[in-house]
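Trainee: Hi! Could you walk me through this one?
Mentor: Happy to. Have a look at it and then ask away.

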Amino acid sequence: MSIAKLCHAVETGSKKEAEDIARDLLNQNINIQETADQLTSTMQKIGDRFARLEIFLPGMMESAQTMTLAMNILGSKILESTSKGEYASKKAGKVVLGTVKGDLHEIGKNIVKLMLEANNFEVKDLGYDVDSMQFIKEAEAVGADFIAASSLMTTTMPHQKEIIDLLKDRDLRDKYKVVIGGAPTSQEWADRIGADLYCPDAGSSSKLMAALLQRK
Amino acid sequence: MSTPYRLWEIQERSNTGPQCDEDEFLSKIFSPTLQKIVKKYEIKYNPKTPVPADDDLADRVWKAGWELFQEVGLYNTDTHRIIKVSDDEIKEALYVAKDQYWVGAGKDAVLWKHRKIEDREPPFCLFSPDCTCSEELHYSMCLAYLKEPLLDGFCAPILEDSIGLKIRSGSPFEINACTQHIYNLRLAAKQVGRPGVFLVAVGTAEHDSGQIAVSNENWGVRTTDSRLIGTLTEFKTADTLLNRVVHCAQYGCYVGNLTGPIYGGWCGGSEGVAVTLVAYSLNGLCIHGAIYNLHFPFHLNLASNTTRELLWPIAVAGQAMARNSKLLYKSGGYTNAGPMTEMVFYEAACHALVSTVNSWHLWEIGAARNKHRNRTTPLEARIAMEVGHAVAGQGMTREEANDIALRLLSIYEEQAATAPLGKEYQECYDVATALPTQEHFDMYRKIKDELSNMGIEFLY
């Protein structure tokens with residue numbers, strides 16, 4: 001059993017196979033850093049294929065779930081390697097993500113979550129119909145880098161502005177990068193409300209957010 | 001309301017249906033069931049034939065859609081339970097449903113009838129800009145659309161502001177905006193001499209409170225008009241949506257079932273979208289009590305439906321429903337390009353051509369992916385409706401439609417991702433008179449002549 005085979009199982013969403021390989025790898029003297037890097041790279045490739053719609057959302061989801069299963073099995077090895085200083089998680093950033101209050105749409109937000117996780121971001125998903133203050137409270141609680149707010153309706157877009165206004169009023173504006181997206185939103189709207197980043201589609205979100213964090 | 005006899009029995013299933021964690025509904029129930037059914041019925045997309053003429057395929061898509069709806073049901077996110085409908089209830093609802101309805105009032109009333117594949121009856125033409133617009137342009141845009149000769153019904157653009165204040169869903173601002181929306185609409189209809197015209201209103205209302213606030217025979221949305229009741233992607237609902245089902249049934253207005261299955265999303269590819277369209281139609285009939293469906297399947301990345309991977313499911317699902325039911329269903333178009341570009345006219349024509357020949361009624365058209373404020377005009381919708389009337393009148397076959405669709409696709413498809421945004425309403429229409437500028441009209445006329453040369457026999 002090899003890391004390459006595990007990556008292939010993740011790519012094809014073969015959960016049982018991935019679990020078997022991961023268990024087998026536990027008994028081998030593998031480099032956990034290399035394993036994690038290769039799995040992350042595999043998920044990034046899958047994310048890129050999904051962004052081009054060479055595969056569809058269910059396929060991407062299967063791969064992500066398979067990756068999670070494999071990583072859970074390798075968890076004890078990861079902990080062991082972390083304590084020995086052989087492995088350090090390279091999280092790209094922490095994101096508090098949700099669809100704004102009054103908006104029940106979530107497919108775009110869920111795809112952004114998948115793409116971010118595939119690219120090594122840590123995501124706290126607040127779901128949909130999320131109160132503006134809750135975004136802020138959760139960002140404070142987890143020490144987020146980003147507050148990412150999605151809106152699918154023109155009449156719920158004002159809640160994206162509300163988050164920024166509340167951050168300003170609570171003297172927290174500079175603490176978080178506020179990212180907005182969703183079908184009716186635009187760069188013009190992002191500029192108007194003072195958001196740090198506008199993501200035109202789910203596929204580009206991870207790259208744009210990583211670039212923004214590097215410019216910090 | 002087509003199924004009032006079971007209103008409360010169906011609603012009660014929100015409380016008593018099988019429970020399910022919301023996180024698992026799509027990934028563990030909807031998506032695997034759809035994939036299994038697509039495979040079972042051997043439904044295969046062929047990009048070379050955006051308009052197939054395969055009756056057996058159409059019938060398999062019908063069976064697949066029925067099975068999907070029956071197996072999956074509709075998930076209520078507020079109660080975490082699934083509303084399920086039995087085989088007999090679906091059969092009963094399909095039997096009871098009428099194949100025609102009078103909509104609108106007085107001299108403006110129109111008989112809206114079920115269409116068949118390659119039907120010579122023209123489609124019911126509902127003009128709908130769908131996008132948002134500036135408050136100061138809303139009335140002019142209503143006038144401009146209501147001046148359209150082929151208009152059988154109208155759904156106005158959506159307000160973002162009302163009396164200068166940003167609308168927030170579920171708030172007092174939304175109720176105020178909904179009132180403004182319907183007043184503009186009713187006044188514009190009266191001024192152009194179509195006071196009884198069939199209206200689908202009000203699009204400004206995202207929340208049920210906004211919809212309910214404007215139900216009024218004298219100044220608001222009448223019982224001869226219609227409301228749309230949507231579904232959350234895919235096959236999910238919430239009490240705020242089901243509230244509308246009950247309100248519309250008890251108020252007595254017509255209900256339209258609004259759905260937008262996403263290509264690339266939980267439906268997967270074109271095959272899944274086709275099957276989902278049929279399943280959604282049954283959902284609309286049985287759970288929303290809809291007399292018609294408005295389907296706008298769209299591309300996950302492009303947010304449009306004029307490329308072949310969306311035209312194919314539109315064609316196939318239309319054939320499936322025409323051959324196996326007497327339902328009424330509208331095809332909602334979304335173009336990539338914006339107003340006053342040649343591309344938007346080609347896209348609109350192609351969407352209308354494919355939809356009409358495959359039995360749909362028309363709901364045209366959201367320009368520039370329906371995403372940009374004020375980027376919509378009646379002229380791109382006009383060309384779509386004129387194509388619809390033309391191809392119906394000449395009795396165009398699916399094979400002929402496929403040939404013309406391929407020629408149109410060869411003109412615009414490669415530019416889908418980089419389509420021009422075009423211009424805003426006030427740049428191509430005179431806001432005071434609500435008429436197109438000469439430059440805009442000339443572009444429309446030029447493309448109409450080109451379409452005519454391709455074999456579309458316009459009636460005038």
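Predicted model: local features only at pLDDT ≥ 70, side-chain atom pairs only at ≥ 80, totals over all residues.

Trainee: Okay, helices. How do helix 4 and helix 6 of chain A cross?
Mentor: Helix 4 covers residues 57-73 of chain A and helix 6 covers residues 107-118 of chain A. Their axes come within 11 Å and cross at roughly 45°.

Trainee: Why are helix 4 and helix 6 of chain A called oblique to each other?
Mentor: Angles under 35 degrees count as roughly parallel and 65 to 115 as roughly perpendicular. The crossing here is at roughly 45°, and helix 4 and helix 6 of chain A are therefore oblique.

Trainee: Is the crossing left-handed or right-handed?
Mentor: Helix 4 of chain A passes helix 6 of chain A in a left-handed crossing.

Trainee: And which residues make the contact?
Mentor: From helix 4 of chain A, they are Leu57(A), Met60(A), Met61(A) and Ala64(A). Helix 6 of chain A brings Ile111(A), Leu114(A), Glu117(A) and Ala118(A). By class, that contact has 7 nonpolar residues, no polar ones and 1 charged.

Trainee: Switching topic: how many residues does each chain put into the contact between A and B?
Mentor: Chain A gives 18 residues and chain B gives 27 residues. On the chain A side, the largest share, 3 residues, comes from helix 4 of chain A. That side of chain A has 11 nonpolar, 6 polar and 1 charged residues.

Trainee: Now strands. What does strand 16 of chain B pair with?
Mentor: Strand 16 of chain B, residues 292-295, pairs in the parallel sense with strand 14 of chain B, residues 254-259, over 4 bridges. Strand 16 of chain B also pairs in the parallel sense with strand 18 of chain B, residues 328-334, over 4 bridges.

Trainee: Which residues are bridge partners there?
Mentor: Thr259(B) has His295(B) as its bridge partner in strand 16 of chain B. Leu294(B) has Lys330(B) as its bridge partner in strand 18 of chain B.

Trainee: Are the residues of strand 16 of chain B buried or exposed?
Mentor: Buried, with both faces covered. Tyr292(B) and Leu294(B) are on one side, and Asn293(B) and His295(B) are on the other.

Trainee: Last one: how do strand 3 and strand 4 of chain B run?
Mentor: They run antiparallel, joined by 4 bridges. In strand 4 of chain B, Leu111(B) is the bridge partner of Trp102(B). Their hairpin has 6 residues between the strands, and Gly104(B) takes a positive phi near 80° there.

How values were computed
Residues numbered from 1 in each chain as written. Chains lettered and ligands numbered in written order. Axes fitted to C-alpha atoms, helices over the stretch in contact; angles between N-to-C directions. Helix = DSSP H or I, 4+ residues; strand = E, 2+ residues; numbered from the N terminus. Parallel < 35°, antiparallel > 145°, perpendicular 65-115°, else oblique. Left-handed = near helix turned anticlockwise from the far one by under 90°. Contact = placed C-beta atoms within 7 Å. Nonpolar A, V, L, I, M, F, W, Y, C, P; charged D, E, K, R; others polar. Buried ≥ 20, exposed ≤ 12 C-beta atoms within 10 Å, placed from the backbone. Pairing = 2+ DSSP bridges.
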